[in-house]
Amino acid sequence: MSMLSGLLGGALIGLAATVYLLATGRVAGVSGILAGALGERAARGERIAFLAGLVGAGLIAAVVASPAAATSTPTPVLIVAGVLVGFGTRVGGGCTSGHGVCGISRLSRASLVATAVFIATGAATVAVANHFFFAAGTP
Amino acid sequence: MSRRTLGALFAGALFGIGLVVSGMTDPRNVIGFLDVAGRWNPRLAAVMAGAVGVHAALLGLLARAGGGRGARLLPRRDNRIDRSLIVGSAIFGVGWGLSGYCPGPAIASLGFGARSAYVFVAAMIVGILASALVPRRRSGCEAP
């Protein structure tokens with residue numbers, strides 16, 4: 001069931017990335033769209049519109065489905081993580097959507113490498129965090 | 001509202017619904033995927049397969065549209081592997097693993113009113129602004 005909803009949700013994401021490309025001529029990389037909305041004057045309106053749609057979807061989901069969004073991550077860790085994600089995605093030129101979905105879809109070698117690297121360091125981080133911060137057996 | 005803006009709004013909403021439906025707005029599913037040494041949760045792999053499958057298929061159709069003329073509308077393949085790509089992606093992965101959030105799900109979660117998402121997104125904006133201080137990769141995202 002969870003695999004099926006993953007596949008279905010993923011298909012919607014793939015469709016959305018195509019709609020964004022057709023509408024704006026640009027790749028639907030969320031980190032790039034956010035950075036562009038913050039820093040560039042050109043095409044700012046459509047970037048803000050995409051981000052508004054993203055937040056709006058969350059708003060709709062909260063009303064109709066009360067989605068699970070529980071995270072036990074302590075606030076200082078969230079702050080460090082947020083800074084690393086913002087910084088890293090801009091230095092590396094993309095995130096899970098820009099490199100992971102859009103880049104891999106067109107077999108961009110840079111995106112394949114980027115995705116392999118962030119999955120590897122993400123997995124290493126989770127392994128280290130589990131080892132040092134959580135006792136064995138916690139869910 | 002222009003058609004471009006309306007299209008972008010619709011794309012963002014569809015993208016966000018996809019993230020919610022697939023469970024990617026729940027950081028536990030992301031951390032579960034990255035927890036390869038523990039109880040591995042494969043859902044993110046299904047999401048990537050669905051997203052890449054559909055997007056690649058539609059890009060293929062677009063490329064063939066108009067007797068091949070559609071191809072020039074598509075973003076170019078980016079094959080430059082440089083230090084910024086590797087270092088930046090490595091740093092991103094650490095933050096992703098610490099929180100279970102990447103930019104898309106974090107921004108969509110603002111709509112839930114999840115406090116953790118607000119904290120994370122505010123910090124992420126600081127990180128984006130700070131990245132202007134170092135050499136950055138010209139975004140492969142901004143094409144063609």
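Helix axes are here lines fitted to C-alpha atoms over the stretch in contact, and the angle between two axes runs from 0 to 180 degrees between their N-to-C directions. In this predicted model, the axes of H6(A) and H4(B) come within 7 Å and cross at roughly 40°. Angles from 65 to 115 degrees count as roughly perpendicular and those under 35 degrees as roughly parallel; H6(A) and H4(B) are therefore oblique to each other. The crossing of H6(A) over H4(B) is right-handed. Sorted by class, the residues in this contact are 17 nonpolar and six polar, with no charged residues.

The two chains can be described in turn. Chain A contains six helices and zero strands, and its elements follow the pattern α-α-α-α-α-α along the sequence. The C-alpha trace of chain A spans about 50 × 40 × 30 Å along its principal axes. Chain A has 139 residues, of which 58% count as buried. Among the contacts in chain A with a separation of 6 or more, 43% are between residues 24 or more positions apart.

Chain B likewise has six helices and zero strands, and from the N terminus on its elements run α-α-α-α-α-α. Its C-alpha trace spans about 50 × 40 × 35 Å along the principal axes. Of the 144 residues in chain B, 55% are buried. Residues 24 or more positions apart provide 43% of the contacts in chain B with a separation of 6 or more.

The contact between the chains takes 101 residues from chain A and 102 residues from chain B. On chain A, helix H1 (2–24), helix H2 (30–39), helix H3 (44–64), helix H4 (75–92), H5 and helix H6 (109–133) each supply at least two residues of the side that touches chain B. H1(A) gives the largest share of that side, 21 residues. By class, the side of chain A that touches chain B consists of 58 nonpolar, 38 polar and five charged residues.

H4(B) is mostly covered, with 13 of its 17 residues buried. Just after H4(B), B:Gly100 takes a positive phi of about 80°.

H5(A) passes H3(B) in a right-handed crossing. On the H5(A) side the contact is made by A:Gly100, A:Val101, A:Cys102, A:Ile104 and A:Ser105, and on the H3(B) side by B:Met48, B:Ala51, B:Val52, B:His55, B:Ala56 and B:Leu59. The residues of this contact divide into eight nonpolar and three polar, with no charged residues.

A:Thr73 is in the loop between H3 and H4 of chain A. A residue is buried if 20 or more other C-beta atoms lie within 10 Å of its own, and exposed if 12 or fewer do; A:Thr73 has 19 and is therefore partly exposed. Leaving aside neighbours within four places in sequence, A:Thr73 is in contact with A:Leu78 in its own chain and with B:Ser99 and B:Ser116 in chain B. A:Thr73 and A:Ala17 are 56 residues apart in sequence, and their C-alpha atoms are 30 Å apart in space.

Most residues other than glycine have a negative phi. A:Ala43, in the loop between H2 and H3 of chain A, has a positive phi near 55°. With 18 other C-beta atoms within 10 Å, A:Ala43 is partly exposed. A:Leu107, in the loop between H5 and H6 of chain A, is not a glycine either and has a positive phi of about 55°. A:Leu107 counts as partly exposed because it has 13 C-beta neighbours inside 10 Å.

Technical notes. Residues are numbered from 1 along each chain as its sequence is written. Chains are lettered from A and ligands numbered from 1 in the order in which they are written. This is a predicted model: local features need pLDDT of at least 70, side-chain atom pairs count only at pLDDT 80 or more; totals for chains, interfaces and linings use all residues. Helices (H or I, at least four residues) and strands (E, at least two) are DSSP runs, numbered from the N terminus. A crossing is left-handed if the near helix is turned anticlockwise from the far one by less than a right angle, and right-handed if clockwise. Two residues are in contact if their C-beta atoms, placed from the backbone, lie within 7 Å. Ala, Val, Leu, Ile, Met, Phe, Trp, Tyr, Cys and Pro count as nonpolar, Asp, Glu, Lys and Arg as charged, and the others, Gly among them, as polar. Angles under 35 degrees count as roughly parallel, over 145 as roughly antiparallel, 65 to 115 as roughly perpendicular and the rest as oblique.
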